[in-house]
Amino acid sequence: MDSRITPSESDDPRWIAQLKDHDDNSEQELFAVVAEYETPDAVMAACEKVRDAGFRDWDAITPFPVHGIDEAMGTKQSILPWIVLGAGLTGATVGLTLQWWTNAVGYPFLISGKPMFSLPANIPVTFEVTVLFSAFTAFFAMLGLNLLPAFYHPLFRHPRMARYSSDRFAIVIEAKDKLFDREKVEALLKGSGSIANEVLFAPAKRAALPKVFHGIGIVATLATLIPLAFIAKARFTHSEKPRIHIIQDMDMQPKFKTQAPNALLAGLWGDQRASLLPVEGTIARGEYVADERLHYGQEDDGTFVTSFPVTVDEALINRGQERYGIYCSVCHGMSGDGNGTVNQRATALARFGGKGMAWAPPARLSDERILLQPVGELYNTVTNGKNNMKGYAAQIPVEDRWAIVAYVRALQKAATVPVDSLTDEQRAELQSN
Amino acid sequence: MASHGIELTESDLRMPESLRGLGGKLMPIGAVIAIIGVALAFVGADSGFKHFQFAYLTAYAFTMTIVLGGLIWLLIQHVFRASWAVAIRRVGESVVGLVPLMLVLFLPILVPILMHDDSMYKWLNHSYAENDAEFLPNKQVVYGAYLNPTFFFGRLAFYFAILIFLSRFFTKNSVAQDETGDLATTRKMEKFSAPAIPIFALTLTFLGLDLLMSLDPHWFSTIWGVYLFAGGMMSFCSLLALLCMTYQKHGALKNVVRKDHYHDLGKLMFAFVIFWSYIAFSQYILIWYAHIPEEITFFDKRQNNGWEWVSVTLIFGHFAIPLLGLLSKHVKRHKPTLAFWAVWLLVMHLLDMFWVVMPNFTSGHVPLPFATIALAVGMLAIVVGASIRSASTKSIVARRDPRLGESMAYHNV
C-alpha cells in the first residue's frame, strides 16, 4: 500500500492548511517502507532478518524499550562510554591542575599547616569536577550521537506513529539505504511476520519555516547579546556612579553604625552622636581596676614592678606552665629557647620558598636582656606585646598572665643554672631523659 | 511458572551430587587450613596466644562482614521487590542462613575474654579507665559506662539474637514458600524487610564498634559501621558470583542463572568498590584535616613502620585498580574475568580487615600475615562448605517465588 504523510490531528491547527498546501504542491518522493508488528517478539524476529539482509539506514520503532533488540538489530556498541571515560579523565586532570595551580603556584596559600599542594584536600573537588564533566558529556554526547534534538522527521507526520508510541511496533527501512530496492524490501518485510506494510512517500522538499519565525529567531539572537554588551561596557569603562544595589534593604539598613553621626535625631542626646555616651563614672563590667600594680604591672610613677603582686606558689607555676604551653610555646618553644613550631616552619619557609619573606625569630627567654627585665616588664610584654608579638590581654586573664610570668622565671632559672651546682642524682635524672 | 518458555524440571531444582560432595569436603578442608593457621600463630617473631587472638579476630571480621553483607543484600532485594535476583536468591540465602554458625565460630574470641583475658580489649580490665592517664576526664565516664564487661557481653548477646532472628526469618519463609507457593509470604517478607533494614544497620554499627573499634578505645569514628557495611556488601557480592559459578560448573542452575545476573552482581561489586572508597576517604579526610591527637592516632599507626605500604596497597588494590578493572560491561558479563575480580576483591577485603585489626597487635611493624591468611581461608571454606550443605537439603531455586519467571528471563542490556 502506498501512502503519503499528511497533516494529522496532532499537528498544530494553525499550520494545517499551510502544510496541506505544501504537501499537495510539493513533489513526492519515496521515503521508506514501513512494516507494522503486533508483538515485541515479532518485531525482534523481523529485526534479525533485516539485520541479516545487511541494511544500514533503518530503524525499529517500539513504544517501550525492548530488551535484546540491540542484538537483534545488530546495533554496534555505542562509543558513548569511551567518550564519557575521556571526559571523566579530563575532568579529573582539570580539577587537580586547577587546584594545584591556584593553591600552590598562582597564589600560594597555607591552609591548616598542610603542604601547599596536598592531595587528600584536593580529592573532593577533583571528584566533583570529574562527575560534572562526565555527566554533561554523557548527556550532550548522547543527544549528539542520536542526532537530537530533531525538529522535523518525515515519520513524525506519519499518522500511524501514534500507534507506534502506544501499542504497535514497526520497522522502517529508508529509501536512502544503499541496498534499497523497493520490490526486494517489500518482499523481505512481507515475509517477516508483519501485519501491514506501507510504502511511504514524503515531500521532497521540507515545508518552509513560517516567515514569522525568522524574525523571532533574529530578535532572540540579538537579545542575548544585550547583557553581554552591558557586561563588556562595565568591564572596560570607568564610572563615577555608585554601584547598583540589588538588595536594597540589606545594603542600606535603617540603623546607626558605631561612631556615625546622627543627623536624623540631632540634638536628642545634646550632640550629633548616634550613640548615647555612658553616664560619667560608669565602669564597664570586668573593667574595674582595683589594684594598678596587678593590672598594669607598674608602680604609680610608671616604673615596672620588681616583685610579684600575686602569691607565687606551686599551683601558680603549674597553671603558668599549662598556659605557657597553650599560648607561648608555639613561638618561644616549650623550653623558652625561641624555637617553637611557628619559628621552625617560618624559618623553613623563608629558606625554601618565601619570596622576599623576612622572619624575625622569637626571643630566647633566657637572653640576658630578658633575664634583667623586672617581672612588671615581662607582664607588660605578655599584655601588650612587643615588636612582632601581639598583646595577649584579650585572650589571657590577668591572673594567668602573672602565672605565665612566674613560669617564664622558672624557665629562665632552669636555663641558667650552672651544671656544677646540680647534685649527682639530679644530673643522672636529667641525662636519663 | 516461567515466561519466555523457560520451564524448570525437577533436576534444575536439586543440587547435583558432585556439588553436594564438594560442600561436604570443604568443611573438613577448611578446618584443617584453620588449624594450620592456629599453629602458624605460635611460630615466628610475634608468636603467641595474642597473635592467634588478633589473627582469628581478623579472619572472623572478614567472614562475618561477608555473611552480614549477605543479610543486608537479602533485605534490600525484598524491600525493593527486586525481581532480577530471585534466580540467585536461594544461593545467597544459603550464606545468610549461617549466622548461627558464625556464633559458634565466635567462641574462640568470646571464651578467652569471658575468662578475663584483656590482651585484645584492654578496657575489659576494670581498672583500665581509671588508670589510663590518656583518657580525658569526661570520656572516662563514657568509656566506663559503655565499655564495661557486663554491658559488653549483654550487648553481644543482643546483637546475635537480632541477627539470628533476621537471618532465620528471611531464609525460613523463603523455603516455606517452596511448598505453599503462598503469595502472602512474599508480601510478609517485603513488609518485614523495611523495618529490618534500620535494625540491621544499628546492629552492624554497634557490633563493629564493639568488636573492632574498641580495640583502640581512645579512637572513634562515627562512619565506622558504614565502612564495614561497604566492605561486607562488596565481598558478599563477589562471593555470591563465585558461588553461582561453582553451582553452574557442577551443572546446577544451568537454565536459571544468566549472564545478566552476573552482570548485575558485577555492577554491585563495582558500586561497592566505589562506595567503600568514598566512605574510607570521608573518614580519612576529616581526621587528616583536623589533625586532632585523639583521632589522628588511628592513621598515625597505619602510616608508619611498614603499615604505610599496607595502606597504599589498599588505596590501589581496593580502589583504583578494581575501579578501572570492573568499569567495562564485558568484564562483568564474562565469567572468568568477573571471577578474577571477585577473588581480587575478597583478598582486598581480607587485607582491609588486616589493616583494621592488626595495627592494634603490633603497631611497630607489620606482622607476618600467614596465620591470618590461613585462618581466613579456612573459615571462609567452612562457611562456603556449610552454605552448600545447607542448600543441598532444599530446592536450590526459590521455585515458587512469583518473580522467578521474570528473573530467569531477565535482560539488562
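The legends below describe close-up views of a predicted model.

In this predicted model, local features need pLDDT of at least 70 and side-chain atom pairs count only at pLDDT 80 or more, whereas totals for chains, interfaces and linings use all residues. Residues are numbered from 1 along each chain as its sequence is written, chains are lettered from A in the order in which they are written, and side-chain values use heavy atoms, with hydrogens and water left out.

**View 1. The contact between chain A and chain B.** Chain A and chain B each bring 13 residues to the contact (heavy atoms within 4.5 Å). The two chains bury about 1100 Å² between them, with 68% of that area on carbon and sulfur atoms; buried area is the accessible area (1.4 Å probe) that two parts lose on being put together, summed over both. On the side of chain A, the residues that lose the most area to chain B are A:H67, A:K114 and A:P120, which together make up 43% of what that side buries.

**View 2. Polar pairs across the contact.** Between chain A and chain B there are four residue pairs in polar contact, both residues being at pLDDT 80 or more, but zero salt bridges. A polar contact is a pair of N or O atoms within 3.5 Å, where within protein one must be able to donate a hydrogen and the other to accept it, and where residues adjacent in sequence count only if both atoms are side-chain atoms. Helix 5 (residues 119–145) of chain A supplies five residues, the largest share of the side of chain A that touches chain B; helices are DSSP runs of H or I with at least four residues, strands are runs of E with at least two, and both are numbered from the N terminus.

**View 3. A salt bridge within chain A.** A:E36 and A:R160 form a salt bridge in which the closest N and O atoms are 2.6 Å apart, the term meaning a side-chain nitrogen of Lys or Arg within 4 Å of a carboxyl oxygen of Asp or Glu. This pair joins distant parts of the chain, 124 residues apart, with A:E36 in strand 2 (residues 28–37) and A:R160 in the loop between helix 5 and helix 6 (161–164) of chain A.

**View 4. Two backbone details in loops of chain A.** The peptide bond from A:L148 to A:P149 is cis, with omega near -5°, and A:P149 lies in the loop between helix 5 and helix 6. A:N387, a residue other than glycine, has a positive phi near 50° and lies in the loop between strand 6 (385–386) and strand 7 (389–390).
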